[in-house]
Number of protein chains: 6
Amino acid sequence: MFRHTKQLAYKVRVEKPDPTFARALQQAIGGVEGEGRVCLQYLMQGWNFRGPARYKDMLLNTGTEEIGHIEMLATAVALNLEGATEQEQVNGASNPLVGAVMDGGDPRHLLSAGMGAMLSDANGVPFNGSWCVGTGNLAADMHSNVTAEGGGRVLATRLWEMTDDPGMKDMLSFLIARDTMHQNQWMAVLEELKDMGMPAPQDFPQSEEVQDHSYEFFVHSDGEIPDDARWTSGPSVDSHGQFSVRQAEPMGGIPDLAPPEAAPEMHNTIVQAEGGFLRKAKDAITP
Amino acid sequence: MFRHTKQLAYKVRVEKPDPTFARALQQAIGGVEGEGRVCLQYLMQGWNFRGPARYKDMLLNTGTEEIGHIEMLATAVALNLEGATEQEQVNGASNPLVGAVMDGGDPRHLLSAGMGAMLSDANGVPFNGSWCVGTGNLAADMHSNVTAEGGGRVLATRLWEMTDDPGMKDMLSFLIARDTMHQNQWMAVLEELKDMGMPAPQDFPQSEEVQDHSYEFFVHSDGEIPDDARWTSGPSVDSHGQFSVRQAEPMGGIPDLAPPEAAPEMHNTIVQAEGGFLRKAKDAITP
Amino acid sequence: MFRHTKQLAYKVRVEKPDPTFARALQQAIGGVEGEGRVCLQYLMQGWNFRGPARYKDMLLNTGTEEIGHIEMLATAVALNLEGATEQEQVNGASNPLVGAVMDGGDPRHLLSAGMGAMLSDANGVPFNGSWCVGTGNLAADMHSNVTAEGGGRVLATRLWEMTDDPGMKDMLSFLIARDTMHQNQWMAVLEELKDMGMPAPQDFPQSEEVQDHSYEFFVHSDGEIPDDARWTSGPSVDSHGQFSVRQAEPMGGIPDLAPPEAAPEMHNTIVQAEGGFLRKAKDAITP
Amino acid sequence: MFRHTKQLAYKVRVEKPDPTFARALQQAIGGVEGEGRVCLQYLMQGWNFRGPARYKDMLLNTGTEEIGHIEMLATAVALNLEGATEQEQVNGASNPLVGAVMDGGDPRHLLSAGMGAMLSDANGVPFNGSWCVGTGNLAADMHSNVTAEGGGRVLATRLWEMTDDPGMKDMLSFLIARDTMHQNQWMAVLEELKDMGMPAPQDFPQSEEVQDHSYEFFVHSDGEIPDDARWTSGPSVDSHGQFSVRQAEPMGGIPDLAPPEAAPEMHNTIVQAEGGFLRKAKDAITP
Amino acid sequence: MFRHTKQLAYKVRVEKPDPTFARALQQAIGGVEGEGRVCLQYLMQGWNFRGPARYKDMLLNTGTEEIGHIEMLATAVALNLEGATEQEQVNGASNPLVGAVMDGGDPRHLLSAGMGAMLSDANGVPFNGSWCVGTGNLAADMHSNVTAEGGGRVLATRLWEMTDDPGMKDMLSFLIARDTMHQNQWMAVLEELKDMGMPAPQDFPQSEEVQDHSYEFFVHSDGEIPDDARWTSGPSVDSHGQFSVRQAEPMGGIPDLAPPEAAPEMHNTIVQAEGGFLRKAKDAITP
Amino acid sequence: MFRHTKQLAYKVRVEKPDPTFARALQQAIGGVEGEGRVCLQYLMQGWNFRGPARYKDMLLNTGTEEIGHIEMLATAVALNLEGATEQEQVNGASNPLVGAVMDGGDPRHLLSAGMGAMLSDANGVPFNGSWCVGTGNLAADMHSNVTAEGGGRVLATRLWEMTDDPGMKDMLSFLIARDTMHQNQWMAVLEELKDMGMPAPQDFPQSEEVQDHSYEFFVHSDGEIPDDARWTSGPSVDSHGQFSVRQAEPMGGIPDLAPPEAAPEMHNTIVQAEGGFLRKAKDAITP
């Protein structure tokens, strides 16, 4: 069960509203690397988690924290859409806000949300539940969470570079700090797992793999392959094997599917013309 | 900002796990009429709301309550996917759970989520942020919220009919009760608005409408139109007019778009054959 | 079965083509609150409807009317994309139309549709069938239809504010009037239902609800809750109970899922390191 | 503008309701090759069309016909979901319809639509507006329409094979006949265009192409290439060139993008460790 | 199995980077008519193909060629996002690239991809696998492929018109040439099929159609129908019948669905008020 | 540029075709953790990469390898859909394959693909380009790639558990081995980066973070927080700080948005009734 406190997790203030920046902020709300994704990813992982309570608790704590980040960003979007009264008019719009939004902003900020945030990304593409990955395997999920925070922190630093508004820079500096923590936190869980949880899942018997190819880098191109790279020689990261390099050659045959006649009810059967219809036609009409 | 309590908002127990029912429950998590939608719809509406604090608070209170409902349902899905060990094997699957899931359940409950819930509907279609409607207009949004709760309660009653598990029936009875409250609650806000907020938005000057047609039922079919229905005669619900009936006739002309030649760079221009290529061809080859 | 008349349902004319406004109009064609959604929502509800013919007829009549509204809006988009020959060049584009579209318009209006409308919203997000809700329960569906018209009318008024073109303002004034009618019309059906169809569905035995909580407002926040609001005291809107307020407390236990070891074939089992791999590593290399 | 007639375009009757077949029929309503797609594709193409009225009229006529096909199929779905009272119970469901739907049907037919059709495909994936292609170029659009009808007729024949219900077979035989007509009809338009509209668009000056490669089949594999196939030798279908075969060789250089340091505000810059962190760590802890 | 060569299939150079054009190019990568769609459509068709090897080989050859086209376009996007240092600042952005992108470009080119291409269209809508059609029926699939190339070539010509950059024009001239070949190539396969594969599928016994309507143009509108058009009279394109014209009249009855009472567990039953609740209420409060 | 070899990368054989398993395999083709995603993710990252060539080459090599994995899986799907002639009939289907597919398989395998694979997941949800993440920051992208391979290997092990077919088990054993390599390979790149690339991006000046909170675990729940967990005390994984624990308290104020009256053209203004419309109405009609 959850509770809400009216005060925000951190200060959100906007000195100079900017509808274009409001649009950019949407990526951090409803984008694939946004707070909505991490929030629901951690909560779902936490609710589904079947192992030691300390991991479940950790997931739910941080998932709960992230709801408050969406709240901050939604507030920031709403504030960036206010009071654009002095802005020069663009696109011939008689209303300055309308002009500002239609010129680099998200038109649905006005048309659909009435100066509010939406559950979509910087291009107005709706948030999609498929982004919230939870396999039930702790190692795989921790990597997924490090990824989500990595992408999120990259995004936050780019937003920070994009704005000169001190309030927005401060809010983003806080979110960047939290992304730092969360990246470290999920990585720390991996550190508690044998061999950092690699290869995930760890409980599959590696004897059942086609082990000849478990640590070979397959070369499929004419690019130069350095023979001393970390991934081409030396012990594997999971410490179970030795990296090596192999020129890719096909190990399977040519696929052989049953012909369409074997399943006539599919109506895939080809009816070929004798000589080709159009060719005959063209021959006929060509002098 | 938000906080989490480890105890659930209400009891969730499953006496006889049922992967098929787990699939059906997904509709209430990640479906268009599910708790994920109402939760994020209310929270977003609350964060964006610009009017009296009492409405904003109400939205955020109930949005926060709904996070806990997703938590309950995710737990119910996870419990329904456990311990299917005695179940008869179907589809030739050697593992009973696999057989049960592949025969009427959601295969991704095993393949992707490892016996956990996902942010998708009963067909595995991901949750979509476009469902979370918030216009910024209180009346329009309250209607949207009544709709969300109406659809949600209809769904919950159908899930209640579908199961014989006493734990699941109890959980659904609770959710149905909360849907009752929430439908009433959003409707009560409408009651506080003049004319129940109709027509939304109320602050558009109705003098700017083409008022001749504001209260006419247009007949576009040969179906019988009752002349004493609530919507064909008598005062309009918003009390601003009188209902009447009108046979639909076009009031506009035939559209007249500029020809493709006016914008040759679009490459829409048609190059017509003399007489028709194929016809000529066929004529030529037909004896 | 359907028939088409070449004349439009209402006048559509554009005095000063505006590709930016064409983009905004797309929201009313293919957006979640657009005519495409209401059209297909009403038609599908009508075709699926199982009760008295008068409601089925009404749904199909208005659904048919809405096809003509999409037609009007598609025509309006096409007209707004014509003849931008005098417009100043932007973005360095040598073609005025291209410049105008790339600067605030939808690039796919040129690239994909060749100066025509598309079945997508103002951000180019495609129309999505999940928006067309039809539960089969009349009350729930009428609320859904009021919602669709409420959102649609809010959108239409914002489009009306956004343009100075008299032709476009006239067309929108007509569509706003029809939205007024349709909101009233669906609400009028609700009026014919006992207690306005609340709570939907009405035919679920309320004795099966957990009735202690059917009319309680749950407080999940530290926001002030007015004790005299319409939704905190007095009779419920459905007249079946009395509103009251309750501080939210968890009524369920802590969830207890089976451990990963219970289903080893899921490969969720955690393999924990002794002491932590990275910590050991770091200790070793730190002087 | 449109009008509706209550009678269906063709007979729809179901002798033995079959929820599994109802699910399959959904593909013909809301699938990529379904009637919803062709209907809206033709109507949108018609509304956007800028050339001779005869083509615009044709598109709108057939688009209007297709609305009635959706109506027929929605009715067929609803009828297939009725009266499954004698069916054996599956999945332990106490209600026969529920059992039948959960065992091969679409659960949302009950949960969401209350025994009605939805705007989605046979897997419950919602109809998507991106499928409705209209480029504004007549030839390209006619090919798109032939494609839509070809895929639709293939689907209809497979549905016809799947059912033994005489009513359903009859309805599908009608739809198959109409698909025959519509394929022929769009192809007939192509016949009216010079060289069958190929290559679309025809009004692009072919002198601006890199003409050396306009009629060469590029070989990218070790598969055998027949030298007498219609596409490897002889005149091209558009009659503007001669087919030939060419072994693919790269004609471009190796891409050369600016390094991350050129745009430090993107935060793509790599910070490389001396020797590799983990390798050092492992070396240190490995005896 | 596949191999990669580091050199590009054709030259890709950009003289004057243009973030707005980078956005437009995205349509050719991840749009419905883009190279990503044709590439995966041909490969999937090839892998699934069950008939003569020559067609399977052809599909895989051209599918492989198309991967290289995505590579070229992705490179072109990356190059168009570089070095906008001299550009005038727009939208108040202190960084010229940021300003240029936010003013007509795709903000995610910076925010999400760090100056790289994405798998989405010109509006940032992600590539969607539903676009890759492969029915297994050769004729239907060839029409689909002609369509894909037709739409693709129309798009490429519009991109060619949109840019003045000689490098981009050259690259597009190459892609246009390849689209010419591919349109011809798929059409050539159709030529090898009896009656050009029409109606697809050809192996369905036409005696099972409702043949009275297989070659009739149904008139659903008051538009003028030319009686000498290729599609209203004369032999059908598939040469199996004669075109004719028919005024559309319903041939089916009025649909008759079972009432909601027949399935009470669906909770669709209507509970009607005596006289109407609101009307009574209003009557009571109206003086 | 790319080339194709007709032989498969590894053996694909199916001893006992199983349409239900064909459906499950789709998750590995078109699902969020499937080969289609990793393939296009690596290729896009490679094409966009701006740093040392060795990383770009590595990405393109492995991306090219993955195209061959999709090829193997598509072949496996096609083979699993063949020859179900001896299977018992289910769902009353007269055709064994139809019965088998409708009972646990994907109906579109027959209806849409004619016994072939599709670009969608195990529930028929289409592949979505948003899954292919490439930020341009090497560390963030390597984490994303480890995630993709981790999820993919978890999926492959579950598919391996699900089947008894020796051919399918062998194919999956090969894919599992390659996932082992690829997880190790991407992780090995991280090892070459200082502090394993953490926090990504590494080139953002951490002095600009709100550093007080960069290494604090925020407690938002009443769950027990272990004070000696790897993530609550000791050095951070990135070695830049020390972990600690902090009870979450709001650090921001209560949001204060401008009232709707400030932007009347949005039509968000509330028109409140005196006393409440419905309450008055009900008072009037209640005796």
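Modeller: Two residues are in contact if their C-beta atoms, placed from the backbone, lie within 7 Å. The model is predicted: local features need pLDDT of at least 70, side-chain atom pairs count only at pLDDT 80 or more, and totals for chains, interfaces and linings use all residues. Residues are numbered from 1 along each chain as its sequence is written, and chains are lettered from A and ligands numbered from 1 in the order in which they are written.

Biologist: Which helix of chain B gives the most to the side of chain B that touches chain A?

Modeller: In this contact, 45 residues of chain B meet 45 residues of chain A. Elements giving two or more residues on the chain B side are strand 1 (2-4), helix 2 (35-48), helix 3 (53-80) and helix 8 (277-285); helices (H or I, at least four residues) and strands (E, at least two) are DSSP runs, numbered from the N terminus. With nine residues, the most is given by helix 3 of chain B.

Biologist: What is the bridge partner of Arg3(A) in strand 1 of chain B?

Modeller: Strands pair if DSSP finds at least two bridges between them. Strand 1 (residues 2-4) of chain A and strand 1 of chain B run antiparallel and are joined by three bridges. Within strand 1 of chain B, the partner of Arg3(A) is Arg3(B).

Biologist: Which helix of chain D gives the most to the side of chain D that touches chain E?

Modeller: The contact takes 98 residues from chain D and 98 residues from chain E. Contributors of two or more residues on the chain D side include helix 3 (53-80) and helix 6 (138-162). The most, 16 residues, comes from helix 7 of chain D.
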